[in-house]
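Trainee: I have a new structure to look at. Can we go through it together?
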Amino acid sequence: MKIESFFYQHIRNKHIFLFPMNVNYYCECNPSSKLACFDLDSTLIIPKSGHVFPVDKNDWRPLYPNVGVVLQQLVQKNYIIAIFTNQLKQTEFTVHNIAEKIRNVMEFFQINTESYCYFISYGNNGYRKPMTGMYDLFIKCLQLDSINHSLSFYCGDAAGRPAAKGLKKDHSYVDWAFAQNIGLLFKLPEEVFYQPCDNRPINHVKFNPTIGTKPFPHKDFDVFMYGTDKPKVVIMVGAPASGKSTLAIFLAEKYGLTIFSKDVNKTKFDKLVNEATKAKTSMIIDNTNPVRQGIQFPGYDKLIVFHDIPRELCMHLNSYRTQIEPLKPLISSVVYNVYFGKLVIPDENEMDDLTVIRLGPEHMTLPGNKEFQYFY
Ligand SMILES: [Mg+2]
């Protein structure tokens, strides 16, 4: 069966652009497809201006003189060529310039439109490498029966290599991590285009989350909640993706509390909390709350739940969340800088009638699926 064509798609608001997907391939004679996947910048092309970033859509030249020849050979060997590029600076209007550039590049390399497709991720979400959204969409669109994993590969320049004589350090290991996450063999551009390799090691951090060893302190919550007849307020303290909202939902259901958060209530947050305080409603304040100056709930029993979760684990959970829900925006590292920069460790003396419960990673039940084990 010949898959005739897939059409241009620009998925609005999903921050991903793909084209042309009219890749010819034959399931009968090629039941196990071979994929030759590439990063774009510093892998197939570099700016001819000599700048780090291209000045316009015409600012490119092949990374090596033989890039086109090697791509043509791959096409002759029945490889499907796919380009996956992160372009965070683009918008849904300017991304068309990148698309045009890729078409020009491939035309220059004499690769016809039936032999390649490309994906441009310009949102900070699960479609951005090293999250696998672009690749997952590619596989879904092509309806591939199976992939020849021993011959398929992903090639990119961001491999976490350190600086060496005359060589700059890689800006990240995102290409290497992407290859691990999609399960394809990783290759450097030097390897694919038969250039001398410099033997620098690929440096990466394998994140090994500690497994929860301590039970969740249910009793401590019961003691607080059932201790007196006064209304209760639970103030969450924790970085984004540290598990605050998950816990808030659990506590709200178990003890009949109302949840307020700036994320959900936006500009109405202060008004709603004030009204609830006047009505002596028991509630949960689900913000990051690194400092608690000015927080007063007269007549309330107050509980701070301090999510004492290491930054690395929060950021890993942050990426994992976008991997599972690709449209969920990735929280920027700036937000983490602000939270950890401001954080005042909660202390029972900072407010009257205050209890503090600390939750560490040892209390967390972490997901056991393969996406949680990905490199981010
Ligand atoms: Mg690159």
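Trainee: How many residues of domain 1 are in contact with domain 2?
Mentor: This is a predicted model, so treat it as one. The domain assignment gives domain 1 as 9-192 and domain 2 as 218-373. Their C-alpha centres lie 40 Å apart. Contact here needs C-beta atoms within 7 Å. On the domain 2 side, nine residues take part, and on the domain 1 side the count is nine.

Trainee: Which classes make up the side of domain 1 that touches domain 2?
Mentor: Sort that side by class. Two residues are nonpolar and two are charged. The polar residues number five.

Trainee: Which residues touch the most other members of the largest nonpolar core?
Mentor: In soluble globular proteins, nonpolar side chains tend to be buried together. Here the largest nonpolar core has 51 residues. Elements giving two or more residues to this core include β3 (32-38), β6 (79-86) and α3 (133-142). The residues that touch the most other members are A36, C37, I81, A82, I83, I102 and Y118.

Trainee: Which residues does C37 contact, leaving aside neighbours within four places in sequence?
Mentor: C37 is one of the residues touching the most other core members. Set its sequence neighbours within four places aside. What remains is A82, F84, F153, Y154, C155 and L184.

Methods. Residues are numbered from 1 along each chain as its sequence is written. This is a predicted model: local features need pLDDT of at least 70, side-chain atom pairs count only at pLDDT 80 or more; totals for chains, interfaces and linings use all residues. Domain bounds come from an automatic or database domain assignment. Two residues are in contact if their C-beta atoms, placed from the backbone, lie within 7 Å. Ala, Val, Leu, Ile, Met, Phe, Trp, Tyr, Cys and Pro count as nonpolar, Asp, Glu, Lys and Arg as charged, and the others, Gly among them, as polar. A nonpolar core is a set of buried Ala, Val, Leu, Ile, Met, Phe, Trp, Tyr and Cys residues joined through C-beta atoms within 7 Å. A residue is buried if 20 or more other C-beta atoms lie within 10 Å of its own, exposed if 12 or fewer, and partly exposed in between; C-beta atoms are placed from the backbone. Helices (H or I, at least four residues) and strands (E, at least two) are DSSP runs, numbered from the N terminus.
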